Amino acid sequence: MLVKIVKYITKKGGKYWPSAEMKKIAWVSDNKIYAKALKNPVKFWEGLAKEGISWESKWKKGYEEKLPYFKWFVGGKLNFSVNCLDRHLEKKGDKIALTWIPEPLEEKSVKLTYRSLHSKVCKFANVLRGFGVKKGDVVAVYLPMIPEALITMLACARIGAIHSVVFSAFAADALKARIEDGSAKVLVTADGYYRRGKKVSLIEKAKKGSKGTSVEKVVVVNRLGGSVKGSKFVDFNSVLESADEECKPEIMKSEDTLFILYTSGTTGKPKGVIHDTGGYAVQAYWTTKWDFNLHDDDDVMWCTADVGWVTGHTYAFYGPLLNGGTSLIYEGSPDFPDFSRWWKIIKENNVSVFYTAPTAIRMFMKSGEKFIKSKDLESLRVLGTVGEPIDNDAWNWYLEKIGGGRCPIIDTWWQTETGGTLITALPGIGPFVPTVAGMSFPGVQHIIVDDKGVEKKKGELGFLVQKSPFAPGMLHGVYKNHKKYVETYWRFWKKFKKPYYDSSDGAFVNRDGLIRITGRTDDVMKVAGHRMSTAELEDAINVHKKVNECAVVPIPHKIKGEVPVAFVVLKSGEGSEELIAGLKKHVDNKLGPTARPAVVYFVKDLPKTRSGKIMRRILKSLLAKEEPKGLMTLVNPDSVEAVKGVIGDVKGE
Ligand code: WTA
């Protein structure tokens with residue numbers, strides 16, 4: 001296919017703006033939309049809900065708020081899978097809904113049309129019903145990036161079951177904790193997957209993680225040619241083949257739960273963030289359409305995030321499908337067989353919307369630049385970034401090397417809790433500014449406040465909060481944990497009666513009124529875009545038999561953004577290289593390799609306050625080679641000198 005090369009951006013006054021060509025094709029190009037939407041956000045979102053989503057019956061009330069809870073489209077009824085599939089069948093039944101690229105080069109890509117995806121989803125929904133899964137039951141999904149992940153999730157949505165996806169790189173213990181919290185009845189997993197040319201087994205972790213839990217059936221996708229035995233285990237394809245293709249969708253209330261997704265907070269145990277059906281659908285639909293200017297005729301969207309994270313849910317799967325678009329997913333690693341793989345995929349599949357994380361961009365800058373040929377990238381129109389702050393160099397590199405200086409960079413700020421993007425520039429409006437996310441999505445309002453909830457002036461750093469009415473895709477609680485929900489997100493409301501959702505991010509508003517995110521203000525790290533908490537790692541390390549206690553702090557890393565460093569106090573004896581390797585392996589087994597500490601230091605003592613609180617802030621300063629402040633509060637000031645003696649030149653991995 002011949003691709004017409006168009007310049008979608010233009011430089012004016014030192015900033016990038018949409019070009020006339022972009023304005024012409026943009027869904028929104030007039031910045032008056034922001035003021036218009038904020039005049040009456042509820043009415044604005046009601047209009048979008050009506051236009052973008054198919055409802056079985058209309059809601060009675062647009063928005064209802066009884067803080068800390070709120071509901072959208074109250075009384076409205078719909079089925080999410082119908083919105084992703086059935087409503088497109090008549091006009092687009094033969095259109096490709098999903099293109100799947102397996103990692104092995106000799107395997108062909110798989111293309112599922114809307115009709116074939118619909119058929120598989122209905123069949124698998126019947127399989128789940130056959131296993132006794134009912135509306136409101138939880139199904140755990142522990143799958144790599146293969147089409148069966150999407151089929152399973154939509155099958156759950158079809159029968160009103162709640163999916164709880166667990167990242168396939170997580171360890172058996174992490175899977176088990178999530179299965180137990182949700183009391184999942186069924187687990188859908190695979191024997192394994194391909195990564196960097198090797199077979200990676202999943203089934204052993206799946207068996208271990210589901211043993212002794214509420215899981216009654218384990219459905220296993222045969223990806224590597226293995227077979228599983230045992231009465232609990234069934235083969236995905238065999239049960240799918242024999243299932244009925246007719247499956248009446250369960251009609252759900254707008255506020256019924258669509259999925260839960262566990263994410264890290266300040267404490268050790270991950271929280272099950274609850275997303276509802278109607279509000280989430282509305283935000284997923286419109287943010288995909290407007291942020292990436294997705295058109296359903298020729299656009300192919302590739303979001304490189306794994307389905308184990310929220311970005312994979314909303315932008316690899318649901319957003320493009322709600323819009324009747326084509327989504328592309330890839331099973332493997334960006335450097336297999338070499339760093340040209342991604343760009344070949346873009347060329348061969350005419351990808352027009354590409355959405356990835358700064359970590360990937362920095363990795364290509366460092367190791368993969370010579371594999372990039374601008375001719376391969378001519379189909380691109382919009383480039384997105386997400387997951388961590390993007391630095392100036394990475395932004396400019398992305399713009400020039402991948403976007404050929406032609407495509408807008410859409411830096412999207414959001415969280416597992418927000419369901420969809422919330423702060424970004426829109427491609428038809430701009431401006432596109434390095435390191436600056438942009439404006440709140442139309443109909444949503446964020447401000448920056450101090451620790452008492454008082455609004456800060458422009459340019460002043462503070463806490464990023466969202467104002468009422470809260471965006472439709474926002475979380476609706478923490479699964480079976482009201483206390484955690486209130487404590488984590490509603491401190492400004494609880495303490496100062498301010499109706500603000502606390503994002504736990506730091507930010508400021510720049511001179512032009514655009515928001516710049518500076519990073520987390522709590523003990524959450526973003527390691528290569530993956531979210532985890534220092535407490536989660538500490539809990540994992542602390543259960544090692546040789547460890548007395550430990551503290552984990554993040555340090556900046558050139559490619560991954562941040563990496564964890566562990567300070568370990570042993571019960572007795574000295575540390576050794578062998579023990580460091582043992583501790584890293586232990587973390588792999590408890591949490592998964594993404595959480596592995598980059599550096600482990602053995603120390604005799606950790607700096608603590610009189611009340612016994614470990615002062616991570618001091619450890620952070622020491623790692624940054626800064627003079628730590630506030631040492632007077634320490635019960636053991638000597639520990640500081642001892643730590644100094646242990647840390648050498650820290651470089652991370
Ligand atoms: C960070 C990922 C800067 C932020 C969608 C947030 C970002 C956390 C950006 C949520 C961005 C996400 N610029 N920081 N564009 N996007 N973050 O739940 O700290 O995995 O709170 O959701 O990622 O991570 P989560």
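**A sheet, its helices and a ligand**

Helix α5, residues 114-130, lies across β6 (96-101) and β7, and runs at about 85° to β7. Keep in mind that this is a predicted model.

Now the other helix I want to show, α11. It lies across β6, β18 (300-303), β19 (326-330), β20 (353-356) and β21, at about 170° to β18.

These strands belong to an open sheet of 7 strands, with mixed pairing, in the order β7-β6-β19-β18-β20-β21-β22. Which strands stand at the edges? They are β7 (110-113) and β22; each has a single partner strand, so one side of each is left without a neighbour in the sheet. On average, neighbouring strands here are turned by 20° against each other, direction ignored.

At the β22 end, the pairing with β21 (residues 382-386) is parallel, over 4 bridges. Within it, T385 has D411 of β22 as its bridge partner.

D411 takes us to the ligand. There are 17 residues around the ligand, and D411 is among those that come nearest, along with T416, D505, K526 and R531. By type, the shell has 6 nonpolar, 5 polar and 6 charged residues. At least two shell residues come from each of α11 (310-322), β22 (409-412) and β28 (515-520).

Next, individual atoms. A polar backbone atom of P389 is 3.5 Å from a nitrogen atom of the ligand. For Q415, a polar side-chain atom lies 2.9 Å from a ligand oxygen atom; for T416, the corresponding distance from an oxygen atom of the ligand is 2.5 Å. Taken alone, the ligand exposes 530 Å², and the protein buries 97% of that.

How values were computed:
Residues are numbered from 1 along each chain as its sequence is written. This is a predicted model: local features need pLDDT of at least 70, side-chain atom pairs count only at pLDDT 80 or more; totals for chains, interfaces and linings use all residues. Side-chain values use heavy atoms; hydrogens and water are left out. A residue is near a molecule or strand if one of its heavy atoms lies within 4 Å of it. A polar contact is a pair of N or O atoms within 3.5 Å; within protein, one must be able to donate a hydrogen and the other to accept it, and residues adjacent in sequence count only if both atoms are side-chain atoms. Accessible areas come from the Shrake-Rupley method with a 1.4 Å probe; for residues, only the protein chains shown count as cover. Ala, Val, Leu, Ile, Met, Phe, Trp, Tyr, Cys and Pro count as nonpolar, Asp, Glu, Lys and Arg as charged, and the others, Gly among them, as polar. Two strands pair if DSSP finds at least two bridges between them. Axes are lines fitted to C-alpha atoms, for helices over the stretch in contact, and angles run from 0 to 180 degrees between N-to-C directions. Contact means heavy atoms within 4.5 Å.
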